[in-house]
Amino acid sequence: MTDIERIKQAAADNAVPIMQDSGMEFILNYIKQNKVHRVLEIGTGIGYSATKFALASPDIQVWTIESDIDRYHQAVQNFHDENLMERVTCFLGDAATFTFKEKFDMIFIDGPKAQYIKFFERYKNNLADGGAIISDNLSFHGMVEDISLTHNYSTKKLIKKIRKYIQFLKDNKEFKTDFYSAGDGIAVSKRA
């Protein structure tokens with residue numbers, strides 16, 4: 001088993017959500033086609049996505065933020081095991097309060113879904129010219145399109161917040177957003 005397969009298995013064993021394969025393939029293709037070198041990821045989890053991004057090319061640098069201390073420590077260990085500590089910088093904390101001076105070719109939003117608008121607004125000024133903000137989980141297992149797939153009250157509230165975020169992207173005059181069905185629903189937003 002490779003290290004990346006081990007990370008994927010650990011995510012499955014511990015109910016840590018990670019990107020679906022088709023969504024990851026979509027983003028890795030985006031990274032290659034758009035010559036992405038600097039990535040900011042909101043929501044590290046145990047480091048699966050950041051590892052895949054960094055392994056896409058030896059000249060990619062990834063900054064990633066995780067609020068859960070156990071996941072943070074597991075992610076750091078995974079980056080260490082992959083010899084990525086010089087190219088992946090992992091921060092422990094709430095992405096809603098972080099500030100960066102750097103500019104990024106890609107900002108990947110995959111943290112707490114209810115805060116997507118806040119993350120988008122907070123980090124849009126860190127986007128390099130020609131860069132994109134990519135948001136994941138906009139379908140949320142098909143429930144965004146069909147809320148009757150869940151009867152859980154808190155999940156329904158979350159679905160409504162994701163729908164609000166999608167509308168925010170559609171109405172945003174500063175950015176043009178394209179929506180893709182890859183993975184669990186992906187949006188790619190670029191300055192208009």
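Predicted model: local features only at pLDDT ≥ 70, side-chain atom pairs only at ≥ 80, totals over all residues.
Buried means under 20% relative accessible area, exposed over 50%, and partly exposed in between (1.4 Å probe, protein chains only). Helices (H or I, at least four residues) and strands (E, at least two) are DSSP runs numbered from the N terminus.

Residues are numbered from 1 along each chain as its sequence is written, and side-chain values use heavy atoms, with hydrogens and water left out. Local features need pLDDT of at least 70 and side-chain atom pairs count only at pLDDT 80 or more, whereas totals for chains, interfaces and linings use all residues.

Met106 is in contact (heavy atoms within 4.5 Å) with Ile27, Tyr30, Ile31, Val36, Arg38, Val39, Leu40, Phe53, Ala132 and Ile134, leaving aside its neighbours within four places in sequence.

Helix H2 (residues 21-33) packs with helix H3 (residues 48-55) at an angle of about 35°, and their axes are 10 Å apart. Axes are lines fitted to C-alpha atoms, for helices over the stretch in contact, and angles run from 0 to 180 degrees between N-to-C directions. H2 and H3 cross in a right-handed sense, the near helix being turned clockwise from the far one by less than a right angle. H2 supplies Asp21, Met24, Ile27, Leu28 and Ile31 to the contact, and H3 supplies Tyr48, Ser49, Lys52 and Phe53. By class, these residues are six nonpolar, one polar and two charged. Ala, Val, Leu, Ile, Met, Phe, Trp, Tyr, Cys and Pro count as nonpolar, Asp, Glu, Lys and Arg as charged, and the others, Gly among them, as polar.

H3 is largely enclosed by the rest of the structure, because six of its eight residues are buried. They are Tyr48, Ser49, Ala50, Thr51, Phe53 and Ala54.

Seven strands make up an open sheet of mixed pairing, in the order S3-S2-S1-S4-S5-S7-S6. Strand S3 (88-92) and strand S6 (175-180) are the edge strands, each pairing on one side only. From one strand to the next, the twist averages 15°. Two strands pair if DSSP finds at least two bridges between them. Four of the five residues of S1 are buried, so S1 is largely enclosed by the rest of the structure. The table gives two of the pairings.

| Strands | Bridges | Direction | Opposite residues |
|---|---|---|---|
| S1 and S2 | five | parallel | Glu41 (S1) and Thr64 (S2) |
| S2 (residues 61-66) and S3 | five | parallel | Trp63 (S2) and Thr89 (S3) |

Helix H4 (residues 69-81) packs on the sheet, where it touches S2 and S3, and its direction makes about 165° with that of S3. Helix H5 (residues 116-123) also packs on the sheet, touching strand S1 (38-42), S2, strand S4 (104-109), strand S5 (127-135), S6 and strand S7 (186-191). The direction of H5 makes about 165° with that of S4.

Gln77 belongs to helix H4 and is partly exposed, with a relative accessible area of 38%. Gln77 and Gly47 are 30 residues apart in sequence, and their C-alpha atoms are 9.0 Å apart in space.
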